[in-house]
Amino acid sequence: MIDRTHGFRIEHGDCRGCLSCMRICPTRAIRVRAGKAEYTPDRCIDCGICLSACPSNAIVATTWSMTDPSRYKFKVAVPSPVLFGQFPAGIAPSHIVDGLLTLGFDAVWDYGVETGLICGAIKDYVKGWKGPFPLISIDCPVVVRLVQVAYPRMVDQLVGVQPPREIAGREVKRRYSRELGLSIDEIAAIYITPCQAKTISILEPAEEAESNLDGAMGITEVYNTIVARANLPGAEPGFAARTPSVRNSSFLRWSLGDGLSRILSGHRYLHVTGLSNVTQVFDDIEKGRLRNVEFIEAHSCWSGCTGGNLTVANVYVTLSKLTSLINALPEMDPETRREVERRYPSESFALERPIRPRPVRGSGTTLRERVEMIHRAEAILERLPGLNCGLCGAPTCRELAKDVGMGDASQKDCVFYSKDRLKKLREMHLRPAE
Amino acid sequence: MAEVLLQRKFQVRGLDFDKAGDTSAEVKAILTDVGLDPDVVLRAGVISFEAEMNVVMYAVRATLILTLTEEALSIVVDDEGPGIPDIEMAMQEGYSTASDEMREMGFGYGMGLPNIKKNSDEFVLESQIGRGTRLCSMIELDSR
């Protein structure tokens with residue numbers, strides 16, 4: 001099996017083996033065989049639903065912490081636009097920037113310019129694309145991984161343009177290494193992320209290239225410091241002059257999931273949010289029911305990135321705050337526009353490598369062997385009760401049958417076929433009677 | 001004839017637009033499970049989808065049989081329907097007898113049969129007026 005890093009880990013000490021994560025996992029990547037949850041790395045798409053579903057908090061997002069590497073001489077925070085909608089009234093973008101500096105960052109990068117650049121790059125990409133359609137946005141790493149795992153035939157339709165945060169990482173290093181005379185390796189660009197999926201897109205990019213960002217910190221990790229700093233007496237936003245703060249609405253709109261709707265208005269464009277809705281739309285594409293659509297901007301979270309699993313504030317409040325910020329700002333201020341026009345002709349925004357499907361399980365075996373696995377699984381499925389109780393440790397009878405077919409499980413894992421299994425479960429999950 | 005590794009039979013009903021596409025989705029799912037090359041699955045998907053749509057649009061009912069051997073996969077669709085009076089004409093790109101209603105749904109642009117042929121390594125179409133049509137399509141698998 002391929003060893004693949006993911007944006008979280010399961011703490012076995014805290015896992016009670018309750019099956020919540022196994023039942024909710026949309027790609028059926030989780031099994032609970034010996035009383036502890038385990039996941040199949042090549043099936044996991046990092047949607048993070050299991051993190052929120054776990055009642056024991058045994059599934060933990062891996063992020064970068066400020067105490068981590070001190071090898072960097074200059075650390076730059078690159079906050080997701082979502083961060084600016086997370087705080088109570090009275091905490092302005094400039095307070096947020098100041099809070100990040102308090103945390104130990106040397107600078108904060110607002111990637112409004114990069115958002116403008118990527119809007120232009122995607123517009124040109126769509127214009128030059130000959131098919132197949134629809135093209136699919138790659139800003140949400142979960143959507144990218146979903147396509148790689150479940151819709152491998154559609155990988156070429158993923159837009160081959162990097163997300164703004166990656167271009168921001170590249171520019172941060174270029175700019176500060178020039179200004180400060182440091183090498184690129186001495187500068188850290190740390191993304192302030194609304195979800196663990198973006199962390200993994202930095203640590204392990206889907207296209208197997210190297211990210212321009214060096215790590216990610218969850219909004220949850222920076223939130224308290226920002227609030228505390230903003231509430232200190234004398235914390236007036238007088239420092240706003242020396243720090244960049246949010247200047248245009250196109251940057252903030254990116255976090256709502258339909259950041260491309262305006263630039264693609266002349267195209268047949270769909271804005272799809274929520275993993276089950278995304279799956280349904282992709283199924284319809286595969287079934288040929290959705291024809292004549294040119295572009296799909298898809299996000300795993302129903303409210304775009306504002307609903308990420310490393311956010312703090314109520315999602316409706318965040319949406320409302322972002323909307324009022326958006327309404328008060330120009331689409332793109334003249335300074336940003338000038339910068340976009342200056343940089344656009346001289347930079348490349350293409351993905352460094354194409355995104356490929358993930359190798360399927362059982363590759364390396366012959367066609368005959370794989371067909372035999374399917375036949376075995378079908379034969380087993382006939383004998384299983386079809387109740388999908390999950391007590392075997394697989395989410396459905398069908399999944400158990402497939403596992404048995406591949407030799408990863410036994411029919412005796414089914415409680416209908418083994419008293420031992422039931423006895424073991426009783427010992428593990430029932431307290432002895434007084 | 002090479003040894004059959006796997007065979008599946010599906011029923012497709014005419015005018016069942018609600019279920020249209022389900023059979024080809026199943027074909028693709030099985031072939032993905034078997035671990036065939038995505039390109040082969042894509043071609044098989046186009047063939048089964050277009051054939052399925054032809055049944056839904058024009059025929060009464062049909063069976064679609066998917067057969068897999070070590071060397072090739074075949075898709076055979078046998079329908080009960082009006083038949084095709086002029087096969088040569090039907091094979092021309094852009095030729096269609098679809099109603100406006102069907103075109104509005106995004107079908108009937110006369111690309112179905114040419115598309116099937118383009119994606120097949122071997123393709124045979126036989127028809128009897130008033131009886132039905134039989135479509136045989138084959139894709140060769142790379143030796144692996």
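Let's start with A:Phe282, which is buried, as 22 other C-beta atoms sit within 10 Å (buried means 20 or more other C-beta atoms within 10 Å of a residue's own, exposed 12 or fewer, partly exposed in between, with C-beta atoms placed from the backbone). The model is predicted, so local features need pLDDT of at least 70 and side-chain atom pairs count only at pLDDT 80 or more, while totals for chains, interfaces and linings use all residues. Residues are numbered from 1 along each chain as its sequence is written, and chains are lettered from A and ligands numbered from 1 in the order in which they are written.

A:Phe282 belongs to helix H10 (residues 275-286) of chain A; helices (H or I, at least four residues) and strands (E, at least two) are DSSP runs, numbered from the N terminus. From A:Phe282 to A:Arg16 there are 266 residues in sequence and 35 Å in space, C-alpha to C-alpha.

Now for a β-α-β unit. Strand E8 (residues 187-193), helix H7 (residues 196-203) and E9, all in chain A, form a right-handed one (with the strands pointing away from the viewer, the path from the first strand over the helix to the second runs clockwise). E8(A) and E9(A) pair in the parallel sense over four bridges, where pairing takes at least two DSSP bridges. Across that pairing, A:Thr193 is opposite A:Gly218. In E9(A), residues 215-218, A:Gly215 and A:Met217 point one way and A:Ala216 and A:Gly218 the other, all of them buried.

The helix of this unit is largely enclosed by the rest of the structure, because seven of the eight residues of H7(A) are buried. Among these are A:Lys198, A:Thr199 and A:Ile200. They pack against several elements of chain A, including E1 (8-10), H5 (141-150), E8 and E9; contact means C-beta atoms, placed from the backbone, within 7 Å.

Elsewhere in chain A, helices H4 (residues 112-128) and H12 (residues 334-343) pack at about 55°, their axes 9 Å apart. That makes H4(A) oblique to H12(A) (under 35 degrees is roughly parallel, over 145 roughly antiparallel, 65 to 115 roughly perpendicular, the rest oblique). On the H4(A) side, A:Gly112, A:Val113, A:Gly116, A:Leu117 and A:Gly120 meet A:Thr336, A:Glu339, A:Val340 and A:Arg343 of H12(A).

Finally, the chain contact: 18 residues come from chain B and 17 from chain A. On chain B's side, E1 (4-13), H1 (22-33) and H2 (38-58) each supply at least two residues, and H1(B) gives the most, with five.

How values were computed. Axes fitted to C-alpha atoms, helices over the stretch in contact; angles between N-to-C directions. Contact = placed C-beta atoms within 7 Å.
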